[in-house]
Amino acid sequence: MAIPKKDLDELLRANVITHQTAWDIEQYYLTKKQQQANPLLAIFAALGGILVGLGIILIFAHNWDNFSRQVKTLLAFTPLLLSQAFAAYCIIKNKSVAFKETAAVLVFFSVGASISLVAQIYNISGDFPKFLLTWALLCAPLIYLLRSNAAVVLHLIIAVVYAVNKGWWSYPYEEPYWYLSLIAIVLPYYYSLIKDDAEGRITRTLHILMPIAFMVAAHTFFSHTGDFSFLLFVVFYGLLYVAGKLPKLGWGYKFIGICGTMVLLFMGSFREFWQNLDTDKVPGGYIAVFVLMLAGTLFFTGRNLKQKDFDLAQFLPLSVLAMYMLSFVSNGFAAVVTNLITLGAGLWYIKQGIDRLKYLTVNFGLVVITILAGCSFFEPDLSFVLRGLLFVGVGAGFFVANYAVSKRKQQTLKTQPNEN
């Protein structure tokens with residue numbers, strides 16, 4: 001942020017700085033302002049790079065069958081060579097962010113196209129996850145060479161698709177260890193953004209993409225550990241939520257954490273879930289992961305307790321762990337208490353939204369109660385009349401709660417002029 005002119009004049013009058021120093025400061029911030037890219041320009045530049053790359057591919061595809069193998073190979077590498085030359089020019093000449101974003105996108109898609117075309121020309125066999133992994137690793141240097149935000153986003157998208165294909169859709173199942181490396185590649189860049197540009201658009205975007213990437217990692221590794229995965233997910237989502245309350249991290253961590261925790265609570269609202277839960281066969285390594293994540297959750301929870309505002313959500317994962325212990329005594333009682341905890345969480349969010357005049361928080365609490373009522377629809381012990389009354393009550397709650405927020409907002413607007 002630039003120093004105001006009046007502040008510089010004040011420092012000059014007080015002989016704190018010289019005229020030369022004042023001029024140097026002005027030139028520094030003027031140069032810095034000129035180097036900062038218009039966010040919309042960078043976005044449109046990235047989109048332009050995508051469209052140019054797709055256009056080139058379509059042009060080649062139109063006459064592809066008429067070319068010889070040598071010509072096809074030359075054409076396969078031509079976009080890659082041209083885009084790399086353009087990227088080198090942007091680095092050497094230190095061009096603007098818009099130029100670098102365009103170059104990064106062009107190189108990124110040129111690499112993917114070249115790999116695909118060469119494999120097709122020479123009939124090189126290989127599976128889709130290997131293609132994605134090779135693509136992501138080859139393009140990873142773009143993140144740091146060009147300081148490209150578009151390259152970071154594209155890298156994470158390719159990494160997530162790779163993990164999903166490798167960890168969920170492959171048979172036999174293989175743990176996607178390379179996915180951890182793909183995430184680790186982004187972490188230094190992500191850390192630098194948090195440190196230097198905490199309020200930037202790309203930083204806020206990564207505050208959403210990174211917890212999604214962590215969530216995919218958790219599901220690809222934990223889903224194949226049997227019923228013990230339930231405990232791992234409980235602690236993971238709890239750790240994600242409490243970590244999101246740190247000043248430097250965004251609401252994306254909290255949102256993914258609370259949504260995951262609520263899904264686990266909905267699962268625990270059924271008595272059959274606790275009856276069928278079995279954790280006799282647990283891989284030893286995952287027990288250590290569970291202990292470490294639980295320690296981290298407790299640490300961040302204790303750290304967040306120093307804040308003035310009470311946050312019920314950070315205690316929900318611990319309550320789910322308590323229900324797990326309670327299920328050994330009585331499955332039915334554990335399901336009943338879980339339903340009460342979920343209902344209490346929904347009501348708490350409604351109250352928080354009304355007190356803070358936030359429609360999103362109010363409706364999140366109402367959605368929680370609606371899903372809980374929907375879960376009760378499958379309970380055979382409830383009559384259709386009681387089920388109908390539940391849905392009528394939830395529907396009326398949507399109207400009443402949103403009306404209460406609207407009314408309080410109007411009252412606040414009316415009282416503000418009087419206070420001033």
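Among contacts in the chain between residues at least 6 apart in sequence, what percentage join residues at least 24 apart? In this predicted model, the figure is 69%. The chain has 18 helices and zero strands. Of its 420 residues, 41% are buried.

Two packed helices are described by the angle between their axes and the distance between the axes. Helix H8, residues 149-169, and helix H9, residues 177-196, have axes that come within 10 Å and cross at roughly 160°. H8 is therefore roughly antiparallel to H9, and the crossing of the two helices is left-handed. On the H8 side, the contact is formed by Asn149, Val152, His155, Leu156, Ala159, Val160, Tyr162 and Ala163. These residues meet Trp178, Tyr179, Leu182, Ile185, Val186 and Tyr189 of H9. By class, the contact of H8 with H9 contains 12 nonpolar residues, two polar residues and no charged residues.

H9 also packs against helix H10, which spans residues 201-222. The axes of H9 and H10 come within 11 Å, with a crossing angle of roughly 160°. This angle is over 145°, so H9 is roughly antiparallel to H10. H9 passes H10 in a left-handed crossing. The H9 residues in this contact are Tyr177, Tyr179, Leu180, Ile183, Val186, Leu187, Tyr190, Leu193 and Ile194. Their partners in H10 are Ile202, Thr203, Leu206, His207, Met210, Ala213, Phe214, Val216, Ala217 and Phe221. The contact of H9 with H10 divides into 17 nonpolar, two polar and no charged residues. Tyr179 and Val186 of H9 take part in the contact with H8 and also in the contact with H10.

Ile258 counts as buried because its relative accessibility is 6%, which is under the 20% limit. Leaving aside neighbours within four places in sequence, Ile258 is in contact with Tyr241, Ala313, Leu316, Tyr349 and Phe364. The C-alpha atoms of Ile258 and Pro317 are separated by 9.1 Å, while the two residues are 59 places apart along the chain.

A disulfide is a covalent bond between the sulfur atoms of two cysteines. With a cut-off of 2.5 Å between cysteine sulfur atoms, the count of disulfides in the model is zero. Cys139 is buried, at a relative accessible area of 2%. Cys259, by contrast, is partly exposed, with a relative accessible area of 25%.

Most residues other than glycine have a negative phi. Asn94 has a positive phi, near 50°. Asn94 is placed in the loop between helix H4, residues 69-92, and helix H5, residues 97-121. The relative accessible area of Asn94 is 51%, which is over 50%, so Asn94 is classed as exposed. Arg147 likewise has a positive phi, near 50°. Arg147 belongs to the loop between helix H7, residues 141-145, and H8. Arg147 is partly exposed, with a relative accessible area of 42%.

Technical notes:
Residues numbered from 1 in each chain as written. Predicted model: local features only at pLDDT ≥ 70, side-chain atom pairs only at ≥ 80, totals over all residues. Heavy atoms only, no water. Axes fitted to C-alpha atoms, helices over the stretch in contact; angles between N-to-C directions. Helix = DSSP H or I, 4+ residues; strand = E, 2+ residues; numbered from the N terminus. Parallel < 35°, antiparallel > 145°, perpendicular 65-115°, else oblique. Left-handed = near helix turned anticlockwise from the far one by under 90°. Contact = heavy atoms within 4.5 Å. Nonpolar A, V, L, I, M, F, W, Y, C, P; charged D, E, K, R; others polar. Buried < 20%, exposed > 50% of the residue type's maximum accessible area, 1.4 Å probe, protein only.
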